[in-house]
Amino acid sequence: MNTSLFELFKIGIGPSSSHTVGPMRAALRFARQLASANLLEQTAKVNVDLYGSLALTGHGHGTDRAILLGLSGEAPDTVDPTHIETKLSVIRTTNTLNLLARHPISFIEAEHLLFHRNQMYPDPAVTTHPNGMRFSAFDAAGTLIAQDIFYSIGGGFILASAEFEAQQNTQAPTTRTVPYPFRSAAQLLATAEAHNLTIAELLLANEVALLNDPTINRPQTSSTESQSPEAQIKASILTLWQTMQSCTTRGIATEGILPGGLNVRRRAPRLAHRLQTEGSKDPLAPLDWVTVYAMAVNEENAAGGRVVTAPTNGAAGVIPAIAHYYIRFTNEATAQDKEAGLIRYFLTAAAIGILYKENASISGAEVGCQGEVGVACSMAAGGLVAALNGTNAQVEHAAEIAMEHNLGMTCDPIGGLVQIPCIERNGMGAVKAINAARMAMHETGDHKLSLDQIIATMYQTGLDMQSRYKETSLAGLALNIIEC
């Protein structure tokens, strides 16, 4: 296990984890590399080249904005969304970018930030990841003084080219030490059984072991070092949940048209109002609320607001929607019981997400939306079973069912925007997660397909999928809507 819960669930901004959060982190990392190599003051120009899906849908996903912000020293988890437009306006009107907020350079966007829409990878001779970007720094004489290639591999994760090559080596050793390592669902179940642990308890022990890992950026909490390590981890999880709740609340309260040019109206406020005034008479109102919660989050994401990747921005509505469902519509007796159930939910969902992240992909540009909403649905289904005190076997079964019925789902956002079909797709994914959890908990015997088999199938399906159906906006709804 090389991935932490707090790397799957990260606080950031919309509209995309792979096209906004990842590029911002890459730009910030490159700028910091210049500073650490004492090259920042020598830098007179920075060129950024975008390829593949980043080039094809980057404008709609805010990649250009993310690059400018990252080079300026902003990070996705700390940038203030209310100040973004002002910062970008200054750069674009003055043609000046302040590297790491301390070294001004000339930056003419049309010349220094290039979208190579006819080239899939930074090196045409090497098939890598379709979310590639090259950063190049030059001195005043025009001499190249630093260069690096980064890949945004989904969920806000980035890898430099050397790191990407090392990851492709399946024999690469585990870089983090945890008490209960697992590389497959079968190993996860066997290890949990051998130590008489739930999946949530197992992952909590692993997170405690990673508590002092400086590479893991946990959200700020009011917890102190005097608290037990377990309490500190739980406090960080609840901070993520508070951020998700705030995002949901904003999404339900904010009306209007989403940016980007499609003139998509925010629907969550209207749906919530109808449920608040008429919904109590409808026996399916709880499912309607789940849809509202999921769409509210993804409308906030589409507007560039503060969200939590779960495991991506494009799928950020599923996990919080099911958490809201658990809190509001299930039968735990006390608030304390509900909080304990939420902790089980997030820990278990993360364990499932880690399996997809490390054995397949959570990148829509690599495997389609099955790797985003499909994975989120699988995570939420297993997590809900755990919250409801289901068995480890039922958790695995629910996660398998959920992905089984998302296999082959394409990523074809209209206009390159995370709006249609992404927002509704989160609502559908959340409802599927509840159904998968209920089916698994009503079963008593073995099931034919394992989660490991489904993960392998999802990944192979994604590799077989034509690239135009993988976050390029060159096919599917993104193309045919123009003809309708």
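**Reading the helix packing and local geometry**

Trainee: Why are helix 2 and helix 4 called roughly parallel to each other?

Mentor: In this predicted model, the axes of helix 2 (residues 17-36) and helix 4 (residues 63-71) cross at roughly 30°. Angles under 35 degrees count as roughly parallel, and helix 2 and helix 4 are therefore described in that way. Their axes come within 7 Å, and helix 2 passes helix 4 in a right-handed crossing.

Trainee: Which residues in helix 2 meet which residues in helix 4?

Mentor: From helix 2 the contact takes His19, Thr20, Pro23, Met24, Ala27, Leu28 and Ala31, and these meet Thr63, Ala66, Ile67, Leu69, Gly70 and Leu71 in helix 4. By class, the contact of helix 2 with helix 4 divides into nine nonpolar residues, four polar and no charged.

Trainee: What makes helix 9 and helix 14 roughly perpendicular to each other?

Mentor: The axes of helix 9 (residues 199-209) and helix 14 (residues 335-359) come within 8 Å and cross at roughly 80°. The range of 65 to 115 degrees counts as roughly perpendicular, and helix 9 and helix 14 therefore receive that description. Ile199, Ala200, Leu203 and Leu204 in helix 9 meet Arg344, Leu347, Thr348, Ala350, Ala351 and Ile354 in helix 14, a contact with eight nonpolar residues, one polar and one charged.

Trainee: At what angle do helix 12 and helix 18 pack?

Mentor: Helix 12 (residues 285-302) and helix 18 (residues 422-442) pack at an angle of about 140°, with their axes 8 Å apart. The contact of helix 12 with helix 18 has nine nonpolar, four polar and two charged residues.

Trainee: What joins the side chains of Glu109 and Arg92?

Mentor: A polar contact of 2.8 Å joins them. The cut-off for such a pair of N or O atoms is 3.5 Å, so a value of 2.8 Å lies within it. Glu109 is found in helix 6 (residues 109-112), and, leaving aside residues up to four places away in sequence, Glu109 touches Asp64, Leu68 and Arg92.

Trainee: How do you know that the peptide bond from Ala310 to Pro311 is cis?

Mentor: Omega is near 0° for this bond, and Pro311 is found in the loop between strand 9 (306-309) and helix 13 (318-329). A cis peptide bond also joins Gly14 and Pro15, with omega about 10°, and Pro15 lies in the loop between strand 1 (10-13) and helix 2.

Trainee: What is the phi of Ala101?

Mentor: Phi of Ala101 is near 60°, a positive value in a residue other than glycine. Most residues other than glycine have a negative phi. Ala101 lies in the loop between strand 3 (96-99) and strand 4 (103-106).

Trainee: How many residues does the contact take from domain 1 and from domain 2?

Mentor: The domain assignment gives domain 1 (14-169) and domain 2 (185-212 + 219-469), with C-alpha centres 29 Å apart. The contact takes 24 residues from domain 1 and 23 residues from domain 2.

Terms used
Residues are numbered from 1 along each chain as its sequence is written. This is a predicted model: local features need pLDDT of at least 70, side-chain atom pairs count only at pLDDT 80 or more; totals for chains, interfaces and linings use all residues. Side-chain values use heavy atoms; hydrogens and water are left out. Axes are lines fitted to C-alpha atoms, for helices over the stretch in contact, and angles run from 0 to 180 degrees between N-to-C directions. Helices (H or I, at least four residues) and strands (E, at least two) are DSSP runs, numbered from the N terminus. Angles under 35 degrees count as roughly parallel, over 145 as roughly antiparallel, 65 to 115 as roughly perpendicular and the rest as oblique. A crossing is left-handed if the near helix is turned anticlockwise from the far one by less than a right angle, and right-handed if clockwise. Contact means heavy atoms within 4.5 Å. Ala, Val, Leu, Ile, Met, Phe, Trp, Tyr, Cys and Pro count as nonpolar, Asp, Glu, Lys and Arg as charged, and the others, Gly among them, as polar. A polar contact is a pair of N or O atoms within 3.5 Å; within protein, one must be able to donate a hydrogen and the other to accept it, and residues adjacent in sequence count only if both atoms are side-chain atoms. Domain bounds come from an automatic or database domain assignment.
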